[in-house]
Amino acid sequence: MTTRKQKKASTQIQLLESAAKCFSEKGFRGTGMAELANSVGMSTGNLYRYFPDKEAFIATLVEDEMSGAITKMNDLDDSESPLINILSVISSCIFDPGYPMDHRLWIEILAETARNERLRTVFKANDNQMRTAFKHLLQDAMKKGLIADDLDPDGTSIWLYALVDGMIARTAIDPDFDFSVHIDLFNKLVTKALSK
């Protein structure tokens, strides 16, 4: 990578980090492009060379988060029980939605995705990729007799990711909620739901 490309990549990362912070604090609709540019000491005109609009920020954040999550899934220990890996992936998503995201930003992205067709298309494409990787974990656990073999992997992945989104929302809105206090119960409930 040339120095110019490295500088551009570094600037994009800085912009994404700043946008994530602004969107988390003020919301997608409460943050303007001029504010995003000012947050990194850049002119608004220059900002448009990196991201043509706010949707491009969110789309990039979603794509980066999903890519990171799929990498985590691909890096799971094959010698570990597939059920343990399933619980690990779910817990990891709840504890950490993916840097530079936080729980509030994830909820903001879900809300904006519900309103914005362009973002919904990006989100669904990435969500499908993520759930496809997750379905392989489910199918492996089924083959090994660790979970019920009559579960529909697609429907189960949707159900589990809805549960993840709900726990992320709980973490975002309730400052007294600490997922680590509830993780044993959470794992027990998910295991019971998936069991034969």
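Q: What share of the 196 residues of the protein chain counts as buried?
A: The share is 43%, where buried means under 20% relative accessible area, exposed over 50% and partly exposed in between, with a 1.4 Å probe and protein chains only. The model is predicted: local features need pLDDT of at least 70, side-chain atom pairs count only at pLDDT 80 or more, and totals for chains, interfaces and linings use all residues. Residues are numbered from 1 along each chain as its sequence is written, and side-chain values use heavy atoms, with hydrogens and water left out.

Q: How many helices and strands does the protein chain have?
A: There are nine helices and zero strands, counted as DSSP runs of H or I with at least four residues for helices and of E with at least two for strands, numbered from the N terminus.

Q: Where is Glu108 placed?
A: Glu108 belongs to helix H6, residues 103-115.

Q: Why is Glu108 said to have no salt bridge?
A: A salt bridge needs a side-chain nitrogen of Lys or Arg within 4 Å of a carboxyl oxygen of Asp or Glu. For buried Glu108 the nearest side chain of opposite charge, Arg115, is 4.2 Å away, so no salt bridge is assigned.

Q: Which residues is Glu108 in contact with, leaving aside neighbours within four places in sequence?
A: They are Phe23, Gly27, Phe28, Arg29 and Arg115, contact meaning heavy atoms within 4.5 Å.

Terms used. Lys, Arg positive; Asp, Glu negative; His and termini not counted.
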